[in-house]
Amino acid sequence: MKTANKPATRFSRLWWLFAPFRHFARWFRYQPRIVRIGLVVVLLVGTAASAYYGFTHLKKRTAARELAAGWGEYATAVRKSDMDGMLSSLDKILEAKPDDATALRYREILSKGEAQDDTPELAAFLLNEHIKADRLTEAAREANKLLAKNPKDWLARCALAHHALQVLRDPALAGEQLALLPDPEDPETGLGPGGLLYALRLSDLLGRDSAHLRRVIVRRLVPVMRGGAAASAPPGSKAQLVSCYLEPFTDTTSLVELSEYWAVADRLVEDAVTTAAASGDIPVLIQLAELGPRMRAALAILRENDPARLPDERFNALNKAIENRTRIAWQTIRDRAPKEPDAYRGLARLSIQEQKPANAVRHLLDGLQACGESGELYEMLIPLIAINGTDESVRTLAATIVQSARAAKTDPAKWCLAAAACLAANRPDDALEACRLAREITPNHPWACVTEAQLWMRAGNPIKARAALTVLGPSALRMNPGIARLNGRVLVESGLWVLVEDELNAILQMQATLQPRTNAMAMGFLYGLFDAPSDATRAEWINARVDRIIADDPNTPGARRLQ
């Protein structure tokens, strides 16, 4: 009996739940038509308004979330200096809010590559982008905007110096800009590893003393390598940091301190190569691979300074580790970017280091097949073939390079390579013709002029050698020790001994303006005078001039040897 009544009881409870609706329906049925129509209209309008409000609210909330996410992605891309990421995040912002004035403005600035006066943060980003792409005119423009806001901006000052040197061809102005670099200890400079390396390279190009910058590296940057920030930094930052660490190895007073950080630097490069190889970051892998020879040289300096600390077993193991990761970097570059000639040159250098010239030749030939006609690969291949190849292989290589130069038509470097290849094949007349063709394209091409002068000296014609060299101009003849040496010999053998004293004095005056000071060019010139057929009077004259140089700098390399 109880079981039979349960359904009725449940239904009764549900029935009372719907009682208000039943009363409303009964009331509504007996209302006038106009009232019923009005109520229906009010109900529909209310429902539509509620739905519209709900939809609009949800849409705005979704758009706000998308905007916040877009600006978050933009900030992340800015921190990573990721141009593609910045543009992509701005596109997402504009998709969520097409009339966002800030996003539209930033998008236009990035597309044009030109910041506005009130966007110094974008000027700083674009400055880096222009420097990396070697767009120095654009970099100088952004640098001026940054310096207007912060006169102590280190990278901006370096960019103006670089622009003055490379675009304006004004070394004096470039030196003035470097002289305006602020105190590297000042936090407002924004100085990091990249800025220090930039200033060092420019200082070296201008012959300015950069010892103080290397001391800053030892004092400020080297200790940073032990911190967590360095360990968690991206591979490119690690490469820059270790590159800075290697700079002070020219200063023997810093070697003890630098040796304390060798293991840290070694681990940073190892981690960076592993990470960059996994992600396929080709530019960073090239940076890391190029650190290999520098690290080997630095390790040799440490061993020479303290042999007990680096016995043979440890020294060889560390060298092997450098070699292995350098090979991994170059192989990864070759596999992921097969048209990158640096990879084949790097692998060839490793093979030469292992005394495996056949493997080096194979890598270079693989590179030529993958990259096409590459002067860099040919330049390395020619001496390898000349030393280790057969006469037939040398002739074949020379014919190939000559054909490549003819096809290029307007590339003087290709004709210089052809001259070197013809010389290796013992075809001096063809080599001279290649130099002539190179100088038809660029009359004062240094490589072509020097090669032609050397060929004329081999042929016993110093007058024509002199004619080829003088095209370079006095400064070029005096600034390079090798060219100064060739010029000294040419002057003697062409019967122009009367010019020798004035030429040496001009070289000494030019050297006196350089920082750090050097006698390399003067010693090169004196060695060139000594290369000419022997003469007792000339030997006495050379010896007297060497005495003057030694009196000025007793440690001049090669001076005692020449005497």
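**Exercise 1: the largest pocket**

Which helices each supply at least two residues of the lining of the largest pocket? They are α3 (33-79), α4 (83-96), α6 (120-132), α8 (154-166), α10 (193-206), α13 (235-246), α15 and α16, where helices are DSSP runs (H or I, at least four residues) numbered from the N terminus. The model is predicted, so that local features need pLDDT of at least 70 and side-chain atom pairs count only at pLDDT 80 or more, while totals for chains, interfaces and linings use all residues. Residues are numbered from 1 along each chain as its sequence is written, and side-chain values use heavy atoms, with hydrogens and water left out.

Next, take the pocket itself, an open set of points on a 1 Å grid over the protein atoms alone, with protein on both sides within 12 Å along at least five of seven lines; lining residues have an atom within 4 Å of a point. Its volume is about 1900 Å³, counted as the space filled by probe spheres set on points joined across faces, edges and corners.

Finally, examine the lining: of its 49 residues, Asn-128, Lys-132, Gly-236, Gln-240 and Gln-287 lie nearest the centre of the pocket, and α6 gives the most, with 8 residues.

**Exercise 2: the largest cavity**

The volume of the largest cavity is about 40 Å³.

Terms used. 1 Å grid on protein atoms, 1.4 Å probe; cavity = no way out; pocket = protein on both sides within 12 Å on 5 of 7 lines; lining within 4 Å.
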